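This report describes one protein model for a reader who has not seen it before.

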Amino acid sequence: MNIRYLTATFLLLISELFFNKLPADEEVFWTATLRLIAAIVLVAWYYNLRRPLPTTIDRQFIATLILPVFISLCVIIYPDGLRIFNLVIHAGILILWTQIFKNMGAEIKTKDESYKLLRVIPVYALVPILFYIISLHPSLPFFEEILLLIYTAIYAYTATLASFLPIGGTNKFWISWCVVLMAFANILVFYNTYVEPLPWLSFIPRAIVMLSRCILIFGMVEYFKTKE
């Protein structure tokens with residue numbers, strides 16, 4: 001079953017490359033359609049593995065897979081609102097991840113594990129904030145500037161919280177780092193949108209996000225297996 005869904009997901013991802021030479025309107029439509037189908041495939045994959053979604057974490061996680069569907073629909077139905085809608089949806093996904101991490105038992109500790117906090121803050125908090133200040137802040141309209149600042153703050157908090165997950169082994173590594181990589185890939189997309197369109201930035205962040213979501217499905221299923 002996993003191989004079937006993995007194959008479908010990555011065939012859809014690779015198919016996006018073949019629409020680059022179409023006229024702009026057609027390329028946007030067909031790329032959004034492929035991404036819509038890919039999101040539905042991921043939702044179906046996780047649901048089949050964990051049905052009937054017995055825990056709150058299951059339902060929150062599948063919501064993180066469902067929300068990108070609305071971004072693709074926005075591209076098709078109302079492309080003019082995509083810039084703001086994209087920011088809001090991705091911020092919502094990160095908020096869901098903070099709730100998932102808390103339900104898993106993650107808690108930022110400033111007393112007993114202050115050394116860990118000092119170690120992760122430069123990477124998880126300072127880097128995205130500096131990237132925002134240096135690269136994104138100067139070129140944004142005021143409203144979008146506020147939204148992206150909020151997104152950056154949520155990203156920094158979520159990434160820091162992920163490092164305090166009370167689970168061991170490879171599960172913690174894959175779950176925490178995949179969420180961090182997805183959020184950072186989105187920041188690269190925002191750079192491509194707001195600052196300077198770069199050809200290589202159109203596909204690489206998308207590939208990172210899709211790979212991360214697939215690994216997260218495996219990671220979440222394994223997490224529940226270890227708890228049973």
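A nonpolar core is a set of buried Ala, Val, Leu, Ile, Met, Phe, Trp, Tyr and Cys residues joined through side-chain atoms within 4.5 Å. In this predicted model, the largest such core has 57 residues, and those with the most contacts inside it are Tyr46, Trp97, Phe101, Tyr151, Ile175 and Met220. Two or more residues each are given by the helices in the table.

| Helix | Residues |
|---|---|
| H1 | 2-15 |
| H2 | 24-50 |
| H3 | 56-77 |
| H4 | 82-103 |
| H6 | 142-162 |
| H7 | 169-194 |
| H8 | 204-227 |

H7 provides the largest share of this core, 10 residues.

Apart from neighbours within four places in sequence, Trp97 is in contact with Phe61, Thr64, Thr158, Ile175, Val179, Met182, Leu216 and Met220.

Thr64 also marks a kink of about 25 degrees in H3, shortly before Pro68. The 22 residues of H3 should span 32 Å at 1.5 Å a residue, and the end C-alpha atoms of H3 are 31 Å apart, which agrees.

The loop between H3 and H4 contains Pro79. Pro79 has a relative accessible area of 45%, so it is partly exposed. Its C-alpha atom is separated by 9.3 Å from that of Val28, although Pro79 and Val28 are 51 residues apart along the chain.

As for confidence, the protein has a mean pLDDT of 83, with 87% of its residues at 70 or more. Among its elements, H3 has the highest mean pLDDT (94), while helix H5 (residues 114-136) has the lowest (65).

Key: Residues numbered from 1 in each chain as written. Predicted model: local features only at pLDDT ≥ 70, side-chain atom pairs only at ≥ 80, totals over all residues. Heavy atoms only, no water. Buried < 20%, exposed > 50% of the residue type's maximum accessible area, 1.4 Å probe, protein only. Helix = DSSP H or I, 4+ residues; strand = E, 2+ residues; numbered from the N terminus. Contact = heavy atoms within 4.5 Å. Expected span 1.5 Å × (residues − 1). Bend = angle between axes of the 7 residues up to and from the residue. pLDDT = per-residue confidence, 0-100.
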